[in-house]
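Q: Can you walk me through this one? Keep it short, please.

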Amino acid sequence: MTLLSQLLATLGPDIVTAGAAVPDRNRHDWSGDAPVEPLALIRPRSVQEVSAALRLCHASRTPVVAQGGLTGISGGAMPIAQGVALSLERMTRVIDVDPGQATLTAEAGCPLEVAQTAAQDHGMMLAIDLGARGSCTLGGVISTNAGGNQVLRYGMTRDHVLGVEVVLADGTILPAMNRLLKNNVGIDLKHLFIGSEGLLGIVTKAVFRLQPRPTHGATAFVGCASSAAMLDLLRRVRAGLGPDLISFEVMWPSFYDIMRAGIDAPHPLAERHGVYVIVEAGGFDRQVRDRLETCLADAMAAGALEDAVIGSNQREDRSFWAVRESVSHYARILGPLTAFDIGIPLDRMAAAVADLEAALRARWPDVRALSYGHMGDSNLHLVVNCPSAAVQPSKEIKALVYGMTRDLGGTVSAEHGIGKFKRDVIGYSRSVEELATMRALKATLDPHNILNPGKSFS
């Protein structure tokens, strides 16, 4: 009896779709890799069905790739030919919101924005926030330890997860659904699965820590003369706003000018500047806006910024973010591209951006290299397109960018994971000993290497 026959007999045709009938969306993710037809697509509705599927795949040594919102750019959710794609798109429930305990419990297929709205409806906030909030899922966020726009204030996904329910490679259900902020019993197993890209187990449910929603806030759009001035501004707003500083998002003209024109967005400032910054503050007293104004005025007097405007209402605040969150328009505006989410030490950031863009232009004179990122947490996004190239020279571009990142003491992945496309450079950012330990864990929890083989550290 074939595996496909066993899956159909155990789970039924409503859950199991044979390869030829697998929808196009489940054959690829946002990485741009060519679509792959898997042996089957499984769309379970419960953890028991996930367990049954993995038990059969484990017995037959069949690869399994978990899929969430398919918004990853590293190829981590790309299916494998003759393997099984296991999508959590039907496991989307917000199970519980507990304002007293400050927790939210949801299934892993729940879109991030749905969970955010549920928390908001109870007067709380799920403080993980990404531009892809409407399409990415909680399971995907956990699997890559996603960062996003508010890491500076609230931390990475790891800092928000209290507990998880995970199905291991052999179908064992691991119920580690801790709801307590303090639970110091033994090893906190959830950390094995956060950021492991589905290599150690498939997260099916999670408990998230919620935050009180700031009652007052303000957002400014700032122009700085240079990268050095921008970093000076970051130091000043950190000191001036303290815990009220939520976001410090930076856009160099290479990104801002092209994307603003591409989406036909108005420019908040009268003149062009060397770097643009969105500063978002939030707190629990009426003086938040005043403190932001004072902080920016002092920074202007010190030469850390050239111009700034503070939004007068929520509509204006959101308009400042329009260009920063325009990444879904890349394909239309740029065409084929090679994207990076690297981390660079802040004391090297100014030189890194200039040197990376210059090195790319020297190699490909017509290159469009767009730089932006979450500067408060050292995360630089770089998007590269060569208009004159019939086929984008992605291999050469990656060798240049990742090599310079390594030499700067940075990381090849700040928040989007390793997937299949960064495996050959994972050693740039992790030691031989660290990788050996990761692989030992993999061999223990997934001895037949069926979970996402060929991805990340596997």
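This is a predicted model: local features need pLDDT of at least 70, side-chain atom pairs count only at pLDDT 80 or more; totals for chains, interfaces and linings use all residues.

Q: OK, what is the strand order in the open sheet of 7 strands?
A: The order is S15-S12-S14-S13-S17-S18-S16, with antiparallel pairing. Strands here are DSSP E runs of at least two residues, helices are H or I runs of at least four, and both are numbered from the N terminus. Two strands pair if DSSP finds at least two bridges between them.

Q: Which strands stand at the edges?
A: Strand S15 (307-310) and strand S16 (338-343). Each has a single partner strand, so one side of each is left without a neighbour in the sheet.

Q: And how many bridges join S13 and S14?
A: They pair over 6 bridges, in the antiparallel sense. Ser247 stands opposite Glu280 in S14.

Q: Which strands does helix H7 touch?
A: Helix H7 (residues 227-241) packs on the sheet and touches S12, S13 and S14. Touching is contact, meaning heavy atoms within 4.5 Å. H7 makes about 175 degrees with the direction of S13. Such angles run from 0 to 180 degrees between N-to-C directions, with axes fitted to C-alpha atoms, for helices over the stretch in contact.

Q: New topic. What is the order in the open sheet of 4 strands?
A: S1-S2-S4-S3, with mixed pairing. Its edge strands are S1 (16-18) and S3 (64-67).

Q: How do S1 and S2 pair?
A: In the antiparallel sense, over 3 bridges. Val16 has Ile42 in S2 as its bridge partner.

Q: Now the second largest pocket. Which residues lie nearest its centre?
A: Gln150, Arg213, Glu280, Gln314 and Arg318, out of 32 lining residues. A pocket is an open set of points on a 1 Å grid over the protein atoms alone, where a 1.4 Å probe fits, with protein on both sides within 12 Å along at least five of seven lines; lining residues have an atom within 4 Å of a point.

Q: Last one: what does the side chain of Ser458 reach?
A: The backbone oxygen of Lys455, at 2.7 Å. Ser458 is found in the segment after helix H14 (432-445).

Technical notes: Residues are numbered from 1 along each chain as its sequence is written. Side-chain values use heavy atoms; hydrogens and water are left out. A polar contact is a pair of N or O atoms within 3.5 Å; within protein, one must be able to donate a hydrogen and the other to accept it, and residues adjacent in sequence count only if both atoms are side-chain atoms.
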